[in-house]
Amino acid sequence: MTSLKHTRYRQFFPSLNGTNQPFAYLDSAASTQVPEVVLKDIEQYYRQGHANVHRASHSFARHATNAFELARKTLAEFIGAKAQNIIWTSGTTQAANLLADGLAHLVDEGDEIWVSELEHHSNLVPWQQLAFKRKANLKVIPVLDNGDIDLAYFRQQLSDKCKIVAVAHVSNSIGAMQPIPELSRLAHQFGAKIVVDGAQAVAHLDIDVNRLACDYYLFSGHKLYGPTGIGVLYGSEEALELLEPSVFGGEMISKVSFETSTWNSLPYRLEAGTPNIAGAIGLASAIKFLAQFPLKERLSHERQLLAYALQQLKQHPKVELVGEPMMRVGLIAFNLQGVHPQDAATLFDQYNVALRCGHHCAMPLSSRLSPEGSIRLSLGLYNNQQDIDQVIEAIDKIMELFGE
């Protein structure tokens with residue numbers, strides 16, 4: 001079991017080393033820092049032969065294609081899937097939009113699309129717009145006072161009118177983890193497809209899409225110690241076959257004439273255009289980096305650190321927690337008494353503490369639990385007890401400035 005003061009992981013992240021003053025980076029829910037090996041692997045791809053994939057027989061293209069498809073296999077194994085079930089995207093947002101477009105044919109007037117009250121805008125607005133277009137009803141699973149979804153309400157209200165259920169595995173605002181296997185069971189009971197936004201879960205949980213029993217699982221590389229501009233859309237074979245392409249061009253076609261076009265096989269028919277080859281290689285490199293460390297060790301380190309941070313914040317007389325879900329993963333939202341979140345975040349930066357403030361791209365939930373927004377502390381593998389202690393020290397200094 002690792003110590004809360006453990007610095008083993010931090011040494012691999014160049015952005016967090018070499019500074020004279022300790023810097024507590026606690027904004028990993030927005031973007032994680034990137035380990036040195038990932039940067040080197042991306043650079044190596046460009047230095048040793050940058051070429052497009054699948055489209056030429058020369059050696060640069062062969063090497064690029066091999067690395068690109070090996071990356072797909074690496075990501076598939078990471079979540080317990082097969083390589084052909086992995087679709088490369090630019091991130092969770094694009095994946096959700098591809099699904100909303102590709103599943104539109106399943107939704108008719110009067111049908112229901114269910115989301116939860118805690119969704120990130122990326123897993124809300126695409127479904128909202130689909131409901132508008134198809135004259136369907138967007139239904140909302142409400143959130144209880146502690147931040148957990150009202151599962152009993154969902155059970156009571158769900159019917160065969162439901163075609164799609166779109167929920168976050170872990171809330172990006174308050175860290176609430178949702179019971180995905182049970183939500184999947186309920187959705188499938190009525191013949192609906194379930195879409196799981198895993199952006200905040202993949203770096204903090206042992207993900208197996210088979211255990212989750214979801215139809216689709218989406219996540220982004222930049223929250224998983226990888227580069228920006230790359231993400232994954234997983235779908236079961238049956239679920240992916242349901243998707244109609246909504247982005248057209250090269251690579252996704254099998255045959256084209258002026259009269260008609262036919263699509264390529266999966267996964268390529270959902271990957272129009274030149275992909276983010278370096279991004280895929282970089283994300284696979286991040287997965288391999290994580291695999292160096294025992295999974296139980298990594299997860300234990302983060303859980304212990306989250307518990308310590310929660311304990312310290314709860315004990316502080318000027319801290320007000322926003323949401324106290326039964327199962328919390330990766331982050332804590334809070335406010336300081338008498339201090340606007342924006343002012344607090346600016347002052348935290350003066351004390352070398354990086355936190356996020358605002359509505360966290362989840363305005364409906366923010367309106368429900370904290371209308372002015374909140375301060376979000378989110379953890380990465382590289383964090384340790386000193387980072388949390390630095391937050392508490394900064395809070396004391398901020399409250400002194402406000403005469404508290």
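Colleague: What volume does the second largest cavity have?

Modeller: This is a predicted model, and the count in it comes to two cavities of 30 Å³ or more. The largest cavity has a volume of about 80 Å³, while for the second largest cavity the volume is about 50 Å³.

Colleague: How many charged residues are in the lining of the second largest cavity?

Modeller: The second largest cavity is lined by L98, G102, L233, L243, E244, P245, S246 and L270. By class, five residues of this lining are nonpolar and two are polar, and the number of charged residues is one.

Colleague: Which helix gives the largest share of the lining of the largest cavity?

Modeller: The largest cavity has 14 lining residues, and S173, V322, H360, S366 and S374 are those nearest its centre. Six residues of the lining are nonpolar and eight are polar, with no charged residues. The largest share, three residues, comes from residues 363–369, helix α12.

Colleague: Is I149 buried or exposed?

Modeller: I149 is found in the loop between β4 (137–141) and α5 (151–157). Beyond its neighbours up to four places away in sequence, I149 touches S116, L118, I141, P142, V143, L144, Q178 and L183. Because its relative accessible area is 6%, and the cut-off is under 20%, I149 is buried.

How values were computed:
Residues are numbered from 1 along each chain as its sequence is written. This is a predicted model: local features need pLDDT of at least 70, side-chain atom pairs count only at pLDDT 80 or more; totals for chains, interfaces and linings use all residues. Side-chain values use heavy atoms; hydrogens and water are left out. Helices (H or I, at least four residues) and strands (E, at least two) are DSSP runs, numbered from the N terminus. Buried means under 20% relative accessible area, exposed over 50%, partly exposed in between (1.4 Å probe, protein chains only). Contact means heavy atoms within 4.5 Å. On a 1 Å grid over the protein atoms alone, a cavity is a set of points where a 1.4 Å probe fits but cannot get out, and a pocket is an open set with protein on both sides within 12 Å along at least five of seven lines; lining residues have an atom within 4 Å of a point. Grid points are joined across faces, edges and corners, and a volume is the space filled by probe spheres set on the points. Ala, Val, Leu, Ile, Met, Phe, Trp, Tyr, Cys and Pro count as nonpolar, Asp, Glu, Lys and Arg as charged, and the others, Gly among them, as polar.
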